[in-house]
Amino acid sequence: MLRDDRPSPAGRCCRAICSVATSPARRAGNYVYDAWFHQEILDAPSNVVMATAKTPGTTANNLVFELDDELQYGMNLKQGRFFSQKNHAVGSWKMVGNVLYLEFPGAGSPQTVIAKISSRHWTNPKTGLAVDVIEPSPTNPWWFEPDLVSEDMHSENAVACREFECPVCYFELCKFPRAVVKKHSRRTCAHYFHKDCAEYLVREFKRSKTGATCPICGVPFSQVEPMPDLVTEPREWFSICDVDYGGELSEFEVIESLGSCLPVTRRKLTKQIRSHWHLWDPDGDGSISMQEFIIPHKGLRDWVLKNVDIMRSLEGSKGGVTSQLSIPALDKSPMQWFAWWDRDENGSLDRDEMIRSLIRTFCVDDRGKPSLSSAMDMREAAFGLWKSSGYTPFASITFDEFVKPYGLMDQFIHNQANCHYFGEDQELWAR
Ligand SMILES: [Zn+2]
Ligand SMILES: [Zn+2]
């Protein structure tokens, strides 16, 4: 009987996972997964990854992952769906750098785990979630293997992190006052936000189950703390940048914190930091202590103060007024518009890339000045349309998909023409 219910090993698991979502086959689908986990069937299909997920104080949940070929359009993206035994439903996953994003069924935002020491064991020290790969053994298939294994969360490929942008509105962090997010008076993650945007998340998700969560790493937070001024409050600035409370700043912490307040590209800043590091870290232990930080003339603080003007002069290259004017019009040249925003030139835009493109096209005035309030409205509208169009959170869409009749482009242009979502600019945060 088990054998009758079991999907054949030859690539039919997708059907099994899909069938779980539809009620007629639900019981049979669950039975198959339950059976695998109880080892009644030892030969699970070779194209799935089986793992356990556990948070402290809860019972372990069994997960079955599969790669989503249909969304791939020939690209080697590491993303797909997973079956969650506890929820008896299907969620979405994707892997970027050493970060595994899991959007559990019914959850509004993804959870993350990091491959710190091995690709078989994924953890999130902030939420306590741990994911352990069980099958196949001893190695993961290529699509479940992280690009790197590292103690730090390498999410530079997340849309907002490619450059130093706010993960809520996708405008440059340096353009508005910044903040970090906390819970119980401790920083919950290494990411930076616009103060107004982080406060918006706290307000918006006040009544949801998890409350506000970081859009990049999924860790919940409840407090927003403005960034101190590097010039007038260097000690406070240092303490807040010390994400792991280790008393010293690592290269990672320096790049993320300086990048959040200076108009500079990630590539240029990283190059500068690496070439000067030996000056700021005279004892060569790989990190910068408070004492080293404030050494007059030689310390990192003074270097930043001396170079701030040079970095500010680079602002034009980071999407100022000039680049705003050259963005192709979505309604007149959709193909050029799509290509303009497809920065990695892979022929598709994922949800976050799409939201970023729409916000940066429409939520600015004629002089290129961003409007945070219309960015919030656009974000909400775009999230809603993406979901109601049937796309999973980590799906990517091609140009053809985007421009098909009644597709996303039609809907956005229609909404914009009707000023339905973002025409009434109340400028909640006008300054
Ligand atoms: Zn923002
Ligand atoms: Zn975060």
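**A close look, starting from one residue**

A: Let's start at E256, which sits in helix α7 (residues 251–261). Helices (H or I, at least four residues) and strands (E, at least two) are DSSP runs, numbered from the N terminus. Before going on, some housekeeping: residues are numbered from 1 along each chain as its sequence is written, while chains are lettered from A and ligands numbered from 1 in the order in which they are written. This is a predicted model, in which local features need pLDDT of at least 70 and side-chain atom pairs count only at pLDDT 80 or more, though totals for chains, interfaces and linings use all residues.

Is E256 buried or exposed? E256 counts as buried because it has 22 C-beta neighbours inside 10 Å. The cut-offs are 20 or more other C-beta atoms within 10 Å for buried, 12 or fewer for exposed, and partly exposed in between, with C-beta atoms placed from the backbone. Leaving out residues within four places in sequence, E256 is in contact with A190 and Y192; contact means C-beta atoms, placed from the backbone, within 7 Å. Along the chain, Y192 is 64 residues from E256, yet their C-alpha atoms are separated by 8.0 Å.

Now for another residue, K183, in strand β9 (residues 178–183). K183 has 16 C-beta neighbours inside 10 Å, so this one counts as partly exposed. Not counting residues up to four places away in sequence, K183 touches T188, P220, F221, S222 and Q223. V224 is 41 residues away along the chain, with 8.7 Å between the two C-alpha atoms.

Next, a pair of helices. The axes of α13 (residues 351–362) and α14 (residues 372–388) come within 9 Å and cross at roughly 140 degrees. Those axes are lines fitted to C-alpha atoms, for helices over the stretch in contact, and angles run from 0 to 180 degrees between N-to-C directions. On the α13 side, R351, M354, I355, L358, I359 and F362 meet A375, M378, R379, A382 and W386 of α14. By class, that contact has nine nonpolar, no polar and two charged residues. Here Ala, Val, Leu, Ile, Met, Phe, Trp, Tyr, Cys and Pro count as nonpolar, Asp, Glu, Lys and Arg as charged, and the others, Gly among them, as polar.

α13 is mostly covered, with ten of its twelve residues buried. Its end C-alpha atoms are 17 Å apart, close to the 16 Å expected at 1.5 Å a residue; the expected span is 1.5 Å times one less than the number of residues. Buried residues in α14 include L372, S374 and W386. The buried residues of α14 pack against β11 (193–194), α5 (195–204) and α13. Just after α14, G390 takes a positive phi of about 90 degrees.

Stepping back, the protein has 16 helices and 16 strands, and buried residues make up 39% of its 431 residues. Mean pLDDT, the predictor's confidence in each residue from 0 to 100, is 81 for the protein, and 80% of its residues reach 70 or more. Over residues 1–28 the pLDDT is below 50, and beyond near neighbours in sequence this stretch has 39 contacts in the model.

Key. Contact = placed C-beta atoms within 7 Å.
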